[in-house]
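Have a look at the sequence and the model, then read on.

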Amino acid sequence: PRAATRSLIPVELRGSVFQWPADRPWTSRGILFLLGCLMTTAFAPFGMSLLVPVLLLPLLYVYVSVSPRDAGWLSFCFGFGLFLSGTYWIYISVVVFGEAPAWIALLLMLGLVLIMSTWLFLAGWLISRFAQGEPWLLLLVAPATWVFIEWLRGWVLTGFPWLAVGYSQVDSLLAGWAPVIGVYGVSFMAMLSTTAILVAIMTDSRQRGVAIAVFVLPLLAGGMLKLVEWTEETGDPVTSTIVQAGISQAEKWLPERLRPTLDFYREAAARASDSELVVWPEVAIPSLDDRVEPYIKALQADTGSSGRSIVFGILERDESRGEAKIYNSVMLVSGDRRQSYRKRHLVPFGEYFPVPPRVREWMRMMSLPHNDLAAGDDVQPLLEAGNGEKLAVAICYEDAYGAEQLYALPDASILVNVSNDAWFGDSIAPHQHLEIARMRSLEVGRAAIRATNTGVSAFISHTGKVLDSGAQFEPVTLTMAVQPRKGSTPYARTGNLPVIGFCLLVIAGLWARGRASL
């Protein structure tokens, strides 16, 4: 019978399971959807990074076995499974804690999944078109195109950089590449090694040795790079304390909870009197700063002239520019000094609503959130603790945009991430977010202090290892000596430019090659 799609499979492989993508397109789509769902297990909290090549090999095979259009749709199915299973927690945040109707939550969740899957359709179409059924050409095409698409979906229309393949490798040998070429470079090496396995399977014995070498070299080099100390210690360790109140999102903003919350945090800071730096989570104080001004002054008095610093999240009102703006801020108080960092990368449909006025009015009538927060400046002065250490601060999912934080380096000696992952309940999201924070430390060679409202709060080493973490949904106080560091990793100096530039050159060269052959 005639094949359902145009087959690019070598003659010697036809008539077997290798023919399925061409002969059984709908069955293949279902299989790739399931493989995409399983791909979530490569990320936190499951951490099955070794599954990445196993799960990606069938997808890569599709790229050299069917037409570009069919490869795109099969890739879309893989992406739909990955993003549906990996970001289902969006439903929890919208319907459970945002109190929106279920249909709105489903619409937002599925809309995002469809958009992210469309990026993988584009990746599949381009890779198949450029590879033209040639396994050796795939070895260059697949990593470059996949990573370029990962990077694009991380910033186009504010971006959603979740579930980049590189994050799944934070504990593998490939993690050694992170301080050199960042998370997208780790994605590139993971795709390169996996593609080399496919090439080894699909070529003859004379060429198989070269393919195996390509598979091994990124792993071997990554292991060796993990032994390199890219940054160095500076100054004395800073005794630091993380305070996590463990207050659920449903209770956080209740008026009757404000005073107990304020008392809890201040008492916890008093018990940590030996700590030079005390860090509270995102909007730990659930109020506008001008409404709790006496409390903030009391915190300043508590730190006195000892050089102690308290860092906490709060909503900050600013009317200095002629109109009232409210920022999601982190404030540092130390004696009579007060500094703030304002969140720059806001969450669409969470902190601002990119909708027409009529839609915003409908949201108001439906008692849905509809007011925008203001975004802070792209480059802001670093917060300086009372002991002189400079802090690079990221609020919530800002730490998923690693390149945006590089302006703070090499001046910053410690990273600070405050977050409120209570929005996602007891799901995989807080663990995925911790994995992202670990990658940021690894990329720039800085220890990180991560304080969250309900977990996972943690101290992270400059090599991305979790040194200590607290239980979720419980009051937690963690204290540890954090070592400041100085110097720059290669990635901190260049950002994503080398990797993305190389990918663009490969894509441009292959595009020109394809046009020349017409």
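Let's start with rings: Phe 33, Trp 73, Phe 76, Phe 80 and Phe 121 come together as one aromatic cluster. Before going further, know that this is a predicted model, where local features need pLDDT of at least 70, side-chain atom pairs count only at pLDDT 80 or more, and totals for chains, interfaces and linings use all residues. Residues are numbered from 1 along each chain as its sequence is written, and side-chain values use heavy atoms, with hydrogens and water left out.

Rings of Phe, Tyr and Trp (for Trp, its six-membered ring) pair if their centres lie within 6.5 Å; planes under 30 degrees apart count as stacked, over 60 as edge-to-face and the rest as tilted. By that rule there are 15 aromatic pairs. One of them is Phe 160 with Trp 162: the ring centres are 5.9 Å apart and the planes sit at 15°, so this pair is stacked. Phe 264 and Tyr 265 make another pair, with centres 5.5 Å apart and planes at 75°, so that one is edge-to-face.

How hidden are these residues? Buried means under 20% relative accessible area, exposed over 50%, and partly exposed in between (1.4 Å probe, protein chains only). Phe 160 and Trp 162 are both buried. Tyr 265 is buried too, at 2% relative accessibility, while Phe 264 comes out partly exposed at 24%.

Next, Arg 438, which belongs to helix α14 (residues 429-444). Helices (H or I, at least four residues) and strands (E, at least two) are DSSP runs, numbered from the N terminus. Is Arg 438 buried or exposed? It's buried, at 11% relative accessibility. Its side chain has a polar contact of 2.5 Å with the side chain of Asp 171. A polar contact is a pair of N or O atoms within 3.5 Å; within protein, one must be able to donate a hydrogen and the other to accept it, and residues adjacent in sequence count only if both atoms are side-chain atoms. Leaving aside residues up to four places away in sequence, Arg 438 also touches others (contact means heavy atoms within 4.5 Å), among them Val 170, Ile 460 and Lys 465.

Thr 489 sits in the loop between β15 (485-486) and α15 (490-494), and at 0% relative accessibility it counts as buried. What does its side chain reach at 2.7 Å? That would be the backbone oxygen of Glu 443. The backbone oxygen of Pro 179 lies 3.5 Å from a polar atom of the Thr 489 side chain. Asn 387 is 102 residues from Thr 489 in sequence and 25 Å from it in space, C-alpha to C-alpha.

| Cis peptide bond | Omega | Loop holding the second residue |
|---|---|---|
| Ala 44 to Pro 45 | about 5° | Pro 45: between α2 (25-39) and α3 (51-63) |
| Gly 455 to Val 456 | near 15° | Val 456: between β11 (448-452) and β12 (458-460) |

Positive phi values turn up as well. Leu 157, a residue other than glycine, has phi near 55°, and Leu 163, also not a glycine, has phi near 65°. Leu 157 is in the loop between α7 (135-153) and α8 (178-202), and Leu 163 is found in the loop between α7 and α8. Leu 157 is exposed at 78% relative accessibility, whereas Leu 163 is buried, with a relative accessible area of 5%.
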